[in-house]
Amino acid sequence: MYSEKVMDHFTNPRNVGEIDDASGVGTVGNAKCGDIMKVYLKIEDGVVKDAKFKTFGCGAAVATSSMATELVKGKTIKEALDVTNKAVMEALDGLPPIKVHCSCLAEEALHAALWDYAQKEGIVIEGLKEPVNDIGEHEEILEEDY
């Protein structure tokens, strides 16, 4: 079952919406389950000033999007890059194994938004890899970790 935090972020999601003048936007999906997550970041002076999301998917996808945007707000770019699927799951007090991919979707969408920002600014963010469009392409990684 889902933790109280997952249920809270699903029923009362934080940061839903778009940022019109976003510094970076990242969209990632999972063709197997149909979830699609879009993350918007507003970055000023190397700090994530705002983060919003739009997610089409299950309750766990909404909850992980909500938590991921909460975790990056106020963080430096480097700290935002360190927000992993495991950090999102820990902050939500866990996810059922069948829903771990939702936290991976949140991590990839954040990283895709950071990648977009870096491309727009013409900078390199150390440790940031080019994002994937479909996390289902990397599902073998999920199966090894969990």
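Which residues have the most contacts inside the largest nonpolar core? They are Val39, Leu41, Val72, Leu114 and Ile125, in a core of 41 residues. A nonpolar core is a set of buried Ala, Val, Leu, Ile, Met, Phe, Trp, Tyr and Cys residues joined through side-chain atoms within 4.5 Å. Buried means under 20% relative accessible area, exposed over 50%, and partly exposed in between (1.4 Å probe, protein chains only).

The model is predicted: local features need pLDDT of at least 70, side-chain atom pairs count only at pLDDT 80 or more, and totals for chains, interfaces and linings use all residues. Residues are numbered from 1 along each chain as its sequence is written, and side-chain values use heavy atoms, with hydrogens and water left out.

Elements giving two or more residues to this core include strand 2 (36–44), strand 3 (47–56), helix 2 (59–72) and helix 5. Helices (H or I, at least four residues) and strands (E, at least two) are DSSP runs, numbered from the N terminus. Helix 5 supplies the largest share, 12 residues. Val72 is in contact (heavy atoms within 4.5 Å) with Leu41, Val48, Ala51, Ala80, Val83 and Leu110, leaving aside neighbours within four places in sequence.

Helix 5 covers residues 100–121. Of its 22 residues, 16 are buried, so the helix is largely enclosed by the rest of the structure. Gly122 follows helix 5 and has a positive phi, near 70 degrees.

The strands pair in sequence order. Pairing requires at least two DSSP bridges between two strands. Strand 1 (residues 24–29) and strand 2 are antiparallel over 6 bridges. Val25 has Tyr40 of strand 2 as its bridge partner. The hairpin of strands 1 and 2 has 6 residues between them, and Gly34 in the turn has a positive phi of about 90 degrees. Strands 2 and 3 also run antiparallel, joined by 9 bridges. Here Leu41 is partnered with Ala51 of strand 3. Their hairpin has 2 residues between the strands; Asp45 in the turn has a positive phi of about 50 degrees.

The whole structure holds 7 salt bridges, each a side-chain nitrogen of Lys or Arg within 4 Å of a carboxyl oxygen of Asp or Glu. One joins Lys5 and Asp93, with the closest N and O atoms 3.9 Å apart. Lys5 lies in helix 1 and Asp93 in the loop between helix 4 and helix 5, so the pair ties together parts 88 residues apart in sequence. Another links Lys120 to Asp116 at 3.1 Å. These two are 4 residues apart in helix 5, about one helical turn.

Key
The expected span of a helix is 1.5 Å times one less than its number of residues.
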